[in-house]
Amino acid sequence: MSISNLITIDGPSGSGKGTVCHILAQKLKWHLLDSGALYRVLAYAALQKKIELNDEQSLADLALTLDVSFVSNGSGVDTVLSGEVIGDKLRTEMVAKAASEVASIQVVRSALLARQQAFLQSPGLIADGRDMGTIVFPEASVKIFLDASAEERAKRRFNQLQGKGFNVSIAQILSEIKERDFKDRNRAIAPLRPADDAFVIDSTTLTINEVVEQILTLTELKLKISTE
């Protein structure tokens, strides 16, 4: 299959990547890779197994043996680890912070690289992450960097967690988002940044549908296909 049947969408947590990618995958009937979920699954499994987050070799070994899959449930995608649906357990700030830490380790990223690239199958792939367009799929024809202000992203995460019954503080969420942004954008390994040829979308004041329409329009222009 041509590498052109691929849309990479990178950006920070809370920018809307997950929802946008799910809608695009449904509209185009393409596969979906939530690469961030892979790191969150690894972080969650490490925490469960009480593996220290600075134990690089144990983390890499765990990454190679994770029994993880993404299964459509009609309205979204379930993340399944060893037969258990664990999606909600991956959305805590503890897991998010741990995922950011393990994602900065080169041997862990190397262990997960081939696994991510294997998701590229016919008829196409929507790849959601932080380094999809820069590291994992640098040859992709359509690269999006989806951003939003830290304040807007904190508000979205606050509403999401409250809706799931978590007792959270928006001030704490904002502080954690800013801290994670700084680490992600300044880490030595695969820092969060737009690819040189990425189309940057600021979703702060946009609806999800407006973001999706912009990406579909760009996809039609770049790939010379109909997205209707």
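Let me begin with what I mean by a cavity: on a 1 Å grid over the protein atoms alone, it is a set of points where a 1.4 Å probe fits but cannot get out, and its lining residues are those with an atom within 4 Å of a point. Grid points are joined across faces, edges and corners, and the volume is the space filled by probe spheres set on the points.

Please keep in mind that this is a predicted model, in which local features need pLDDT of at least 70 and side-chain atom pairs count only at pLDDT 80 or more, while totals for chains, interfaces and linings use all residues. Residues are numbered from 1 along each chain as its sequence is written, and side-chain values use heavy atoms, with hydrogens and water left out.

A search of the whole structure finds 2 cavities of 30 Å³ or more, and the largest cavity has a volume of about 230 Å³. Its lining is made of 19 residues, of which Gly-36, Arg-40, Ala-99, Ser-100 and Arg-130 are the closest to the centre. When I name helices and strands, I mean DSSP runs (H or I for helices, at least four residues; E for strands, at least two), numbered from the N terminus. At least two lining residues of the largest cavity come from each of α2 (35-48), α4 (93-102) and α8 (170-186), and α2 gives the most, with 4 residues.

What kinds of residue make up this lining? They divide into 5 nonpolar, 5 polar and 9 charged, where Ala, Val, Leu, Ile, Met, Phe, Trp, Tyr, Cys and Pro count as nonpolar, Asp, Glu, Lys and Arg as charged, and the others, Gly among them, as polar.

The second largest cavity holds about 60 Å³ of space, and it is lined by Lys-97, Ser-100, Glu-101, Glu-176, Glu-179, Arg-180 and Lys-183. Here α4 and α8 are the elements that give two or more residues, with α8 giving the most, namely 4. This lining has no nonpolar residues, 1 polar and 6 charged.

Turning to the backbone, the peptide bond from Ser-122 to Pro-123 is cis, with omega near 5 degrees, and Pro-123 lies in the loop between α5 (106-117) and β6 (125-129).

Finally, Lys-29, in the loop between α1 (17-28) and β2 (31-34), has a positive phi of about 60 degrees although it is not a glycine. Lys-29 is exposed (over 50% relative accessible area, with a 1.4 Å probe and protein chains only), at 67%.

Technical notes. On a 1 Å grid over the protein atoms alone, a cavity is a set of points where a 1.4 Å probe fits but cannot get out, and a pocket is an open set with protein on both sides within 12 Å along at least five of seven lines; lining residues have an atom within 4 Å of a point. Buried means under 20% relative accessible area, exposed over 50%, partly exposed in between (1.4 Å probe, protein chains only).
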